[in-house]
2 protein chains.
Amino acid sequence: MNFTLERSIEILERTPEVLMALLQNISSDWTLVNEGGETWSVYDVIGHLVHGEKTDWMPRTEIILSGNADKRFSPFDRFAQLKESQGKSLMQLLEEFKMLRTKNLEQLRNKKLTEADLMQTGLHPAFGEVTLHQLLATWVVHDLNHLAQICRVMANQYREDVGPWTAYLGILKQSSQQALQ
Amino acid sequence: MNFTLERSIEILERTPEVLMALLQNISSDWTLVNEGGETWSVYDVIGHLVHGEKTDWMPRTEIILSGNADKRFSPFDRFAQLKESQGKSLMQLLEEFKMLRTKNLEQLRNKKLTEADLMQTGLHPAFGEVTLHQLLATWVVHDLNHLAQICRVMANQYREDVGPWTAYLGILKQSSQQALQ
């Protein structure tokens with residue numbers, strides 16, 4: 001399959017409901033534990049997704065589509081949620097994410113993007129020139145990446161409990177180097 | 001967190017709804033493609049989960065708790081779904097999984113397992129003696145493992161589309177060696 005806007009929105013519009021189905025009213029034993037050191041808990045990941053809806057995907061789309069000569073993106077703060085989530089419950093963050101995602105997808109649909117729009121570019125602080133096509137594909141894979149990360153962080157809590165079955169469970173073999181991704 | 005039956009059921013009872021939220025009525029462009037060779041598509045993974053509900057988790061629990069002298073498990077056929085799913089739509093498999101999981105968790109709850117029950121053992125064809133505690137913890141991690149796998153299989157379809165962002169997306173770096181797990 002090649003990238004299409006329609007197929008991308010299919011994933012992006014499902015993510016809030018997937019996270020609700022997995023995490024709504026679940027015990028905080030599952031959501032406040034991380035993978036050690038500076039790694040993220042499930043709670044931290046949801047805060048990161050909220051921050052992305054506010055400052056990353058649609059703001060960068062707007063920069064790419066703007067008529068401005070300067071199309072540099074602001075760097076994305078991967079640790080902003082540690083401050084921004086303070087005092088909020090997981091349920092509040094899940095609701096906030098759902099609201100922001102719905103609003104962002106409404107804006108995205110309203111743009112009625114053409115193939116020519118998808119080839120427009122912006123300037124990423126590390127990569128240089130990137131296309132809107134690449135940004136929107138990344139939005140989709142970023143959702144799936146963090147959903148898989150949430151599964152891994154939760155699975156890790158039963159690392160010792162599975163005994164010899166650890167040999168069959170690939171999720172327990174993934175490097176903790178991926179913990180911040 | 002240490003393993004508890006209550007915390008385990010929290011995950012097990014959510015999985016059917018999580019899969020519905022992610023996959024219900026989604027385009028088959030997302031669900032019929034695998035990661036190459038003999039690897040599994042999303043459709044294959046759901047068939048595997050259905051087969052596990054029928055032949056793995058609760059049947060093995062029954063063997064462990066039985067008074068029989070012979071507590072050997074039947075080997076689990078990891079490719080059974082390739083035949084069993086024939087002619088069924090993804091939606092039919094998702095509904096079947098939900099129905100079987102609900103029934104299995106009802107049976108599990110009705111057993112009112114004690115700590116002593118959780119220490120009972122069965123004989124795994126490859127590992128030898130395993131406890132009910134380990135079997136039930138594995139059921140939970142197996143759900144999370146396959147949910148993460150589904151995310152990876154879907155993300156892989158946009159591998160080329162994300163361009164330079166591949167460097168930030170751990171899910172695209174995972175070895176295809178994990179494709180069958």
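## Salt bridges within chain B

B:R109 and B:E13 form a salt bridge, with their closest N and O atoms 2.7 Å apart. The model is a predicted one. B:R109 belongs to helix α7 (residues 90-110) of chain B and B:E13 to the loop between α1 and α2 of chain B, so the pair ties together parts 96 residues apart in sequence. B:R109 is partly exposed, because its relative accessibility is 41% and the range for that class runs between 20% and 50%. B:E13, at 39% relative accessibility, also counts as partly exposed.

A second salt bridge joins the side chains of B:E53 and B:R101, at 2.7 Å from N to O. This pair, too, links distant parts of the chain: B:E53 is in helix α4 (residues 42-55) of chain B and B:R101 in helix α7 of chain B, 48 residues apart. Both B:E53 and B:R101 are buried.

## Salt bridges in chain A and in total

In chain A, A:K88 forms a salt bridge with A:E96, and the closest N and O atoms are 3.2 Å apart. A:K88 is partly exposed, with 28% relative accessibility, whereas A:E96 is buried, with a relative accessible area of 15%.

Over all chains, the structure holds 30 salt bridges. Some of them join up: A:E6, A:R7, A:E10 and B:D29 are linked in a network of salt bridges.

## Interface of chains A and B

How many residues of each chain are in contact with the other chain? There are 58 residues of chain B in contact with 58 residues of chain A. Between them the two chains bury about 5200 Å², and 67% of that area is on carbon and sulfur atoms. Two salt bridges are found across this interface. The side chains of A:R7 and B:D29 meet in a salt bridge, at 2.8 Å from N to O.

Polar contacts between chain B and chain A number 22 residue pairs, with both residues at pLDDT 80 or more. On the side of chain B that touches chain A, the elements giving two or more residues are α1 (5-12), α2 (15-23), α3 (28-31) and α9 (132-155) of chain B. Of these, α9(B) gives the most, with 15 residues. The residues on this side of chain B divide into 32 nonpolar, 18 polar and eight charged.

B:R14 is placed in the loop between α1 and α2 of chain B. Is B:R14 buried or exposed? Its relative accessible area is 10%, which is under the 20% cut-off, so B:R14 is buried.

The side chain of B:R14 reaches across to chain A, where the backbone oxygen of A:L22 is at 3.1 Å. Leaving out residues up to four places away in sequence, B:R14 touches A:A21, A:L22, A:L23, A:Q24, A:N25 and A:I26.

## A:E17 in helix α1 of chain A

A:E17 sits in helix α1 (residues 5-23) of chain A and is partly exposed, with a relative accessible area of 37%. Apart from residues up to four places away in sequence, A:E17 touches A:K98 and B:A21. The side chains of A:E17 and A:K98 are joined by a polar contact of 3.1 Å. The C-alpha atoms of A:E17 and A:D44 are separated by 18 Å, the two residues being 27 residues apart along the chain.

## Helix α8 of chain A

Helix α8 of chain A covers residues 132-155. At 1.5 Å a residue, its 24 residues should span 34 Å, and the end C-alpha atoms are 35 Å apart, which agrees. Of the 24 residues of α8(A), 23 are buried, so the helix is mostly covered.

## Residues with positive phi

Most residues other than glycine have a negative phi. A:N25 has a positive phi near 60° and is not a glycine. A:N25 is found in the loop between α1 and α2 (28-31) of chain A and counts as exposed, at 67% relative accessibility.

A:K112, also not a glycine, has a positive phi of about 45°. A:K112 lies in the loop between α6 (90-110) and α7 (115-118) of chain A. With a relative accessible area of 66%, A:K112 is exposed.

Notes: Residues numbered from 1 in each chain as written. Chains lettered and ligands numbered in written order. Predicted model: local features only at pLDDT ≥ 70, side-chain atom pairs only at ≥ 80, totals over all residues. Heavy atoms only, no water. Helix = DSSP H or I, 4+ residues; strand = E, 2+ residues; numbered from the N terminus. Expected span 1.5 Å × (residues − 1). Buried < 20%, exposed > 50% of the residue type's maximum accessible area, 1.4 Å probe, protein only. Contact = heavy atoms within 4.5 Å. Buried area = accessible area lost by both parts, 1.4 Å probe. Salt bridge = Lys/Arg side-chain N within 4 Å of Asp/Glu carboxyl O. Polar contact = N/O pair within 3.5 Å; in protein donor to acceptor, adjacent residues only side chain to side chain. Nonpolar A, V, L, I, M, F, W, Y, C, P; charged D, E, K, R; others polar.
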